[in-house]
Amino acid sequence: MKFVNEYRDSELGKKLIDRIHHHSTKPIRLMEFCSGHTVAIFKHGIRQLLPQTIEMLSGPGCPICVTANIDLDKAIALAHLPNVIITTFGDMLRVPGSHSSLQLAKAEGNDIRIVYSAQDAVYMAKDNPDKSVIFIGIGFETTAPTIAASILQAEEEGINNYHILCLHKLCPPIMKALLDLGEVRLNGIVCPGHVSAIIGSYPYQFIPDDYGIACVVSGFEPLDILLCIDMLVNQIETEQYKVEIAYRRGVKPEGNKQAKLLMDTVFEVGEANWRGIGVVPLSGLRLRKRYERFDAEKNFDINPGPSSEAKGCICGSILRGVSTPLDCKLFRHNCTPEHPLGPCMVSAEGSCATYYHYGASYGE
Amino acid sequence: MENRVLLAHGSGGKLSHDLIAKSFVSTLGNPILNKLDDSAVFELSGRLAFTTDSFIVSPIFFPGGDIGKLAVCGTVNDLAMSGATPLYLSLSFIIEEGLPIDELEKIVSSIYQAADEAGVKIVTGDTKVVNQGSADKLFINTSGVGIVPPEVNISAANAIPGDNIILSGNLGNHGIAVLSQREGLKFQVPIPSDCAPLNKMVAEILETSANIHCLRDPTRGGASTTLNDFAEQSQVGIRIEEEKIPVHKAVLAACELLGFDPLYIANEGKLVAVVSPADADKVLAKIRQNQYGTEAAIIGEVVNKHPGQVVMKTSLGASRIVDVLVGELLPRIC
């Protein structure tokens, strides 16, 4: 397959690993922001192949994991309303909120359906004019343009029974918030690939400028990630911090102008509630006033009540890179993919699920 | 008026009788079935293997097969994986009212073809019709019996360190072919489902080697689940190599797109065999001679380390655990 096999070439991979071993002299700590990178790193066993000088941490870039319980509770409360069809990406179903989950609400007889895109939800609204179809809008800048397009489509076609629960989050502001928290000392960041395909690489410029931290945008194949790590090591060894792209086939420095315009037309920047981090100003998206009639929160009366977290769950500090799943007392014992207590064990890309499935301790 | 299955077709009365005679017995008939008694009566001697499986795949027609072919191959393969020679099958339909009769007859015809290829007979059956919405078009249950030759001893608990692991061909074709037809996700894959009866392949390798320890068809849960079952039940470790696992590039591409791992995708015409190292090459050669085994490969071995665990050497040379599938990756795939 074009664009897969050539980025998995084991010989080239081994050469890159050798180069990283050769160049890396200083002990450094790198964070992959995006959970897609975390999965790829574990799936290909990349951590084991790096020199001891390099420590890799996983960041908060899992859209399901960072969804706060209060927001999950809202989705579940919406599901209990009469004449409502909830549409969602599949992974959200199993995430436990404070008292229930969408999966449980579905088993109780509420109409909750998995869709593969927001556009499917718009079609569903069109086909079910006597129901309200609510799409649970989670994700980062990657998914936001498609949700924006769905709103514009609904507007154009006069579909008034389509709504979204707008929980979108933004990457660069949360990176800044994490760096300002100062809990984790970082030397370099593996910047997200898909998000950067939309926003480009310019929005990360504050990271080398203000924090002296290396930044390289990476793709998701093993060679992409190894090249990214090699470039980060180079920046750190030479103390020349900048934003670079190791994923040229996917990312342009200026990003995708059309997608950005779509997002900007429909959404404005506002605060967002992040699991483990809390409410961060200017780190999320909300619908502009003109599109408020599509906003589920503004059009349905719900009272999800006070939210609470599973006792002992440390997903929050795992998402901040302060702890790893291996630090959690519940990991593997009380919290497993079959009986997850926290979102990082539910999402296929969550750190806990990744550590669990790919055996983090194996070979480390 | 288009000819459709009505509730009355399941009533046991005249319409039922006509449906059975015209749509089922005319195609599937044989001396045992034709008697239409309450039970099929036949002679058997030796060690019996007996299995049952229900089929709820959606959509009922998919590239490379349909629910009927699947219902025969699934049960034939379950018998074959115990080392049994499959002989007789039962066939039970639960039909949603409104199913076009020509679709039903098309499915019966592929049941006939699959049974004919596998050399098994449908000897008894049942038909129920339910209200619209109480089933989704058509559900099928098949049960099957076969005879296990006295010298054959195959079980997931029989793997021993040193054994080679043979996979009979490309992974994931069935799951991806079915998924490609789903509403909301239609995409073109140039490869059909691998749905096929494997009893002849099994008979050929059992004739070739007396040292086949485990056999299983990696259906739901995929190859990872099968390998984990072997490791767990035999209390051995299993090591496989990523670079040796055959996957069609179109399946790989679809998996990349959808975030799936081919190791977890269902197959309906593949087997995993655990074989003594001395016999592995000749068993592999035999599988490759079979029309359903041309892409077969030795993908790993049984080790006496990490009992109960499957570990894969990645193409970069690192190692990682291959876990069992948790939850449901793709609903209603078979």
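**View 1. Eight residue pairs make polar contact (both at pLDDT 80 or more) across the interface of domain 1 and domain 2 of chain B.** A polar contact is a pair of N or O atoms within 3.5 Å; within protein, one must be able to donate a hydrogen and the other to accept it, and residues adjacent in sequence count only if both atoms are side-chain atoms. Salt bridges between domain 1 and domain 2 of chain B number zero. A salt bridge needs a side-chain nitrogen of Lys or Arg within 4 Å of a carboxyl oxygen of Asp or Glu.

This is a predicted model: local features need pLDDT of at least 70, side-chain atom pairs count only at pLDDT 80 or more, and totals for chains, interfaces and linings use all residues. Residues are numbered from 1 along each chain as its sequence is written, chains are lettered from A and ligands numbered from 1 in the order in which they are written, and side-chain values use heavy atoms, with hydrogens and water left out.

**View 2. Chain B is assigned two stretches, domain 1 (7-148) and domain 2 (164-321).** Such bounds come from an automatic or database domain assignment. The C-alpha centres of domain 1 and domain 2 of chain B are 27 Å apart. Their contact uses 20 residues from domain 1 of chain B and 23 residues from domain 2 of chain B. Contact means heavy atoms within 4.5 Å.

**View 3. Domain 1 and domain 2 of chain B bury about 1800 Å² between them.** Carbon and sulfur atoms give 61% of that area. Buried area is the accessible area (1.4 Å probe) that two parts lose on being put together, summed over both. In domain 1 of chain B, the residues that lose the most area to domain 2 of chain B are B:Pro63, B:Met81 and B:Glu117. Together they account for 34% of what that side buries.

View 4. On the side of chain A that touches chain B, two or more residues each come from α1 (10-23), α2 (35-43), α3 (46-49), α11 (222-238) and α16 (351-358) of chain A. Helices (H or I, at least four residues) and strands (E, at least two) are DSSP runs, numbered from the N terminus. The largest share of this side, four residues, belongs to α1(A). By class, the side of chain A that touches chain B has 13 nonpolar, eight polar and six charged residues. Ala, Val, Leu, Ile, Met, Phe, Trp, Tyr, Cys and Pro count as nonpolar, Asp, Glu, Lys and Arg as charged, and the others, Gly among them, as polar.

**View 5. B:Ser58 and B:Pro59 are joined by a cis peptide bond.** Omega is about 0 degrees. B:Pro59 sits in the loop between β1 (47-55) and β2 (61-62) of chain B. Most residues other than glycine have a negative phi, and most peptide bonds are trans.

**View 6. B:Leu36 is not a glycine, yet has a positive phi of about 50 degrees.** The loop between α2 (31-34) and β1 of chain B holds B:Leu36. B:Leu36 is partly exposed, with a relative accessible area of 46%. Buried means under 20% relative accessible area, exposed over 50%, and partly exposed in between (1.4 Å probe, protein chains only).

**View 7. B:Lys137 has a positive phi of about 65 degrees, although it is not a glycine.** B:Lys137 is in the loop between β5 (121-130) and β6 (138-148) of chain B. B:Lys137 counts as partly exposed, at 41% relative accessibility.
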